[in-house]
Amino acid sequence: MAKNRKAKSQNQQTGQVRIIAGQFRGRKLPVIMADGLRPTTDRVKETVFNWLMPYLYNAKCLDCFAGSGSLGFEALSRGVSSTQFYELNATAAKQIQDNIQLLKASNAQINKGSCLTLLESEQQQFDLVFIDPPFRKGFVAQTAELLESKSLLADEAVIYVEVESELTDLQLPVNWQLLKEKISGQVAYRLYQRS
């Protein structure tokens, strides 16, 4: 019996992410710790949202590889008009749905499935997009290409990209202008604006 409980807890380990500022400031949301899931650290998140401050109000937001939903929930807390979450992992997607209900965030929606598949059928345009996929899979360039080819980005949309720091030849659309960039350990994070 104890063995089963231990095995179960190893499969379903949970953690927490903290909302730093805004309407839900200080709220701690439970998250599933699954393979490939790396919630953005508070320090990185604070820097990123300082960068994003001029772009948040009333923006339509898309959190592409949501994972814990940390970035999308922080954006909701800080005044975006809506957030769409995309997440492939069923358990992580369910946890995001539970957290949407916990916050009573009627302007948030979770879509379970592959980001690349979901983008193919997406209809709306976004002002703010988070692209923070599992590392070393080549998803950033594919996601960027779909966002452009399907016209899913508003004029002057801002795009946050988080990749492994050793990735130096990232192929992004030529009309994405780099605004900010920082490296923290194994993570490179950048903010682009569509022109």
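Tryptophan 176 is buried, with a relative accessible area of 6%; buried means under 20% relative accessible area, exposed over 50% and partly exposed in between, using a 1.4 Å probe and protein chains only. The model is predicted, so local features need pLDDT of at least 70 and side-chain atom pairs count only at pLDDT 80 or more, while totals for chains, interfaces and linings use all residues. Residues are numbered from 1 along each chain as its sequence is written, and side-chain values use heavy atoms, with hydrogens and water left out. Helices (H or I, at least four residues) and strands (E, at least two) are DSSP runs, numbered from the N terminus.

**Aromatic pairs**

- Rings of Phe, Tyr and Trp (its six-membered ring) pair if their centres lie within 6.5 Å; planes under 30 degrees apart count as stacked, over 60 as edge-to-face and the rest as tilted.
- By this rule the count comes to six aromatic pairs.
- The rings of phenylalanine 65 and phenylalanine 139 are stacked, because their centres are 5.5 Å apart and their planes stand at 25°.
- Phenylalanine 65 lies in the loop between strand 3 and helix 3 and phenylalanine 139 in helix 6, so this pair ties together parts that are 74 residues apart in sequence.
- Phenylalanine 65 counts as buried at 15% relative accessibility, whereas phenylalanine 139 is partly exposed, with a relative accessible area of 24%.
- Tryptophan 176 and tyrosine 192 form a tilted pair, because their ring centres are 6.1 Å apart and their planes stand at 50°.
- Tryptophan 176 lies in strand 8 and tyrosine 192 in strand 9, so the pair ties together parts that are 16 residues apart in sequence.
- Tyrosine 192 is buried, with a relative accessible area of 9%.
- One aromatic cluster is formed by Phe49, Phe130 and Tyr160.

**Strands 8 and 9**

- Two strands pair if DSSP finds at least two bridges between them.
- Strand 8 and strand 9 run antiparallel and are joined by eight bridges.
- The hairpin of strand 8 and strand 9 has two residues between the strands, and in it glycine 185 takes a positive phi near 65°.
- Serine 184 has valine 187, in strand 9, as its bridge partner.

**Nonpolar cores**

- In soluble globular proteins, nonpolar side chains tend to be buried together.
- A nonpolar core is a set of buried Ala, Val, Leu, Ile, Met, Phe, Trp, Tyr and Cys residues joined through side-chain atoms within 4.5 Å.
- The largest nonpolar core has 35 residues, of which Leu52, Phe73, Phe85, Leu128 and Phe130 touch the most other members.
- Elements that give two or more residues to this core include strand 2 (28–32), helix 3 (70–77), helix 4 (90–103) and strand 5 (108–112).
- Helix 2 provides the largest share of this core, five residues.
- Apart from this core lies another, of 25 residues, among them Phe65, Cys115, Val161 and Leu172.

- Contact means heavy atoms within 4.5 Å.
- Not counting residues up to four places away in sequence, leucine 52 touches Leu128, Phe130, Val158 and Leu191.
- Leucine 29 has its place in strand 2 and counts as buried at 0% relative accessibility.
- With residues up to four places away in sequence left out, the contacts of leucine 29 include Gly15, Val17, Phe73 and Leu102.

**Helix 6**

- Val140, Thr143, Ala144, Leu146, Leu147 and Glu148 are buried in helix 6 (residues 139–149).
- Among the elements that cover the buried residues of helix 6 are strand 3 (60–63), helix 5 (115–121) and strand 6 (126–131).

**Salt bridges**

- A salt bridge is a side-chain nitrogen of Lys or Arg within 4 Å of a carboxyl oxygen of Asp or Glu.
- The structure holds eight salt bridges.
- Glutamate 181 and arginine 190 form a salt bridge, with the closest N and O atoms 2.7 Å apart.
- Glutamate 181 counts as partly exposed at 43% relative accessibility, and arginine 190 counts as buried at 9%.
- Salt bridges that share partners join Lys45, Glu74 and Arg78 into one network.
- Between arginine 78 and glutamate 74, the closest N and O atoms of the salt bridge are 2.8 Å apart, and both residues are buried.
- Lysine 94 forms a salt bridge with aspartate 98, the closest N and O atoms being 3.0 Å apart.
- Both lysine 94 and aspartate 98 lie in helix 4, four residues apart, about one turn of the helix.
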